[in-house]
Amino acid sequence: MAVPKLEMRPLGNTGLKLSSVGFGASPLGSVFGSVSESDAVASVLEAFRLGINFFDTSPYYGATLSEKMLGKGLKALGVPRSEYIVSTKCGRYREGFDFSAERVTKSIDESLERLQLDYVDIFQCHDIEFGSLDQVVNETIPALQKLKEAGKIRFIGITGLPLEIFTYVLDRVPPGTVDVILSYCHYSINDSTLEDLLPYLKTKGVGIISASPLAMGLLTEFGPPEWHPASPELKSACQAAAVYCKEKGKNISKLAMQYSLSNKDISTVLVGMNSVKQVEENVAAATELVLFGKDHETLAEVEAILKPVKNQTWPSGIQQS
């Protein structure tokens with residue numbers, strides 16, 4: 001049986017088409033354990049070979065290491081620049097937050113140098129709940145518009161955890177100014193609150209990227225990292241769900257990926273990857289979903305286990321050093 005190609009989905013009004021699975025490059029910055037350069041490059045090559053065309057990073061990930069590693073991987077592809085879509089971010093750095101026009105304008109040049117690119121497709125203000133939203137509206141986004149005119153970026157995005165930041169900004173900027181939003185941890189089995197915002201985002205013509213389908217490690221057999229901000233109740237419910245899946249011979253991470261992928265209003269599901277094996281597992285989750293559909297029975301059981309903690313995501317992003 002022929003394996004279906006990864007589905008391509010339109011990103012709002014940008015004209016871009018993104019693979020339904022996106023490559024989250026934060027692990028390439030050794031954020032979740034050390035990753036060698038050869039593994040980083042190999043995972044980028046394998047992702048592209050299997051149909052992933054969207055790669056997302058930030059200068060904050062691994063204190064610029066993620067961008068450098070991704071740049072090496074993209075260079076190794078040896079394909080025309082138009083064949084892949086790259087997004088990076090500004091405003092959040094190892095040394096703290098700075099959404100000033102001056103800093104973000106300097107930021108793009110630093111990022112392009114590390115990525116070894118002439119432009120990025122999407123440039124996003126990173127975790128804006130930690131800055132002043134009014135500054136983002138009145139200073140940061142106008143500065144990004146100038147970068148767009150200069151040809152250094154093609155589209156403008158905003159990212160963060162609390163969903164109300166998106167409506168706050170989008171209600172205050174001219175229509176069509178912000179092209180993309182990146183939301184994380186709000187469209188997974190344990191929290192699907194992004195769903196309520198989808199009609200609003202569609203009326204604004206904004207492309208929707210949903211990251212962290214595994215809720216930053218909650219929906220995995222290994223469980224979340226030490227620093228994870230979830231409540232003890234949420235952690236133990238997710239652990240119980242993972243154990244349940246394992247006993248049934250199922251993998252909770254695959255189930256979680258398929259849950260997130262099944263909403264076609266979301267342009268791409270962004271998931272962190274740092275090895276060829278992880279790339280293959282994530283693409284397999286998507287292709288099996290197309291071939292066989294969701295595992296409704298196991299999903300219903302897992303949803304029942306998580307019902308008492310549904311939509312109880314922590315209120316804000318993490319300010320870990």
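Me: What makes Gln116 count as partly exposed?
Reply: Gln116 has a relative accessibility of 39%, and partly exposed is the class between buried (under 20% relative accessible area) and exposed (over 50%), found with a 1.4 Å probe on protein chains only; Gln116 is therefore partly exposed. This is a predicted model, in which local features need pLDDT of at least 70 and side-chain atom pairs count only at pLDDT 80 or more, while totals for chains, interfaces and linings use all residues. Residues are numbered from 1 along each chain as its sequence is written, and side-chain values use heavy atoms, with hydrogens and water left out.

Me: Why is Ala215 called buried?
Reply: The relative accessible area of Ala215 is 1%, which falls under the limit for buried, so Ala215 belongs to that class. Ala215 lies in the loop between β11 (207-211) and α7 (232-247), and its phi, near 55 degrees, is likewise a positive value in a residue other than glycine.

Me: How do you know that Val35 is buried?
Reply: Val35 has a relative accessible area of 9%, under the limit for buried, so it too is buried. Val35 is placed in the loop between β3 and α1, and its C-alpha atom is 6.9 Å from that of Asn274, although the two are 239 residues apart along the chain.

Me: Which residues of α1 are buried, and what do they pack against?
Reply: Ala40, Val41, Ser43, Val44, Glu46 and Ala47 are buried, and the buried residues of α1 pack against β3 (21-24), β4 (54-56), α2 (65-77) and α9 (276-292), contact being heavy atoms within 4.5 Å. Just after α1, Gly51 takes a positive phi of about 105 degrees.

Me: What does Phe23 touch, not counting residues up to four places away in sequence?
Reply: Phe23 touches several residues, including Ser43, Val44 and Ala47, and also Leu270, Val271 and Met273.

Definitions and conventions
Helix = DSSP H or I, 4+ residues; strand = E, 2+ residues; numbered from the N terminus.
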